[in-house]
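Please examine the sequence and the structure shown below before reading on.

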Amino acid sequence: NFEDAKDAIEYRQSAFGLIAYNFGDMGAMMKGKKPFEAETFAMRANNVAALSHIPFEGFIEGSDKGDTEALAKVWQDKADFDAKIKTFQENAAILATVAQKGDQAEIKQAFMNTGKSCKGCHDVYKKD
Ligand code: ASC
């Protein structure tokens, strides 16, 4: 378990950083900023699916205080926060599955859905 809020905040931020890197690289491919590499894309999608389960352990009580962009609303509306996390995890799992199959239209849709679930949570629970 975490020693204090600072450790918990660092833990979740580290995980989000890894998600952002992997998701960002898929985004660059989706936007045509770099060539689409099916194998790399699938690897990144697998990474995000696995990482989608990691950060949330770090949202311990009291860790809205400190060097964090998380709003107190995370702990006030916990059920909704948890539901949004679950949607993100489901979308990330779908993206990893369709990335294996290689259908571009399916990949694009699954990528968009995953990005929407990132944004859907940030809009409500993250400082801008
Ligand atoms: C990213 C990133 C996010 C999401 C979000 C998707 O690459 O860092 O927070 O995508 O912008 O809408």
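## Ligand contacts

An oxygen atom of the ligand lies 3.3 Å from an N or O atom in the side chain of His122. Taken alone, the ligand exposes 310 Å², of which the protein buries 55% (areas by the Shrake-Rupley method with a 1.4 Å probe). A ligand oxygen atom is also 3.3 Å from a polar backbone atom of Gly115.

The model is predicted: local features need pLDDT of at least 70 and side-chain atom pairs count only at pLDDT 80 or more, while totals for chains, interfaces and linings use all residues. Residues are numbered from 1 along each chain as its sequence is written, and side-chain values use heavy atoms, with hydrogens and water left out.

## The shell around the ligand

Phe23, Gly115, Cys118, Lys119 and His122 surround the ligand (a residue is near if one of its heavy atoms lies within 4 Å). Helix 5 (residues 104-125) gives the largest share of this shell, four residues (helices are DSSP runs of H or I with at least four residues, numbered from the N terminus).

## Helix 1

Helix 1 (residues 5-30) has 26 residues and reaches 36 Å from its first C-alpha to its last, close to the 38 Å expected at 1.5 Å a residue (the expected span is 1.5 Å times one less than the number of residues). Gly32, with a positive phi near 75°, follows helix 1.

Note on methods: Polar contact = N/O pair within 3.5 Å; in protein donor to acceptor, adjacent residues only side chain to side chain. Helix = DSSP H or I, 4+ residues; strand = E, 2+ residues; numbered from the N terminus.
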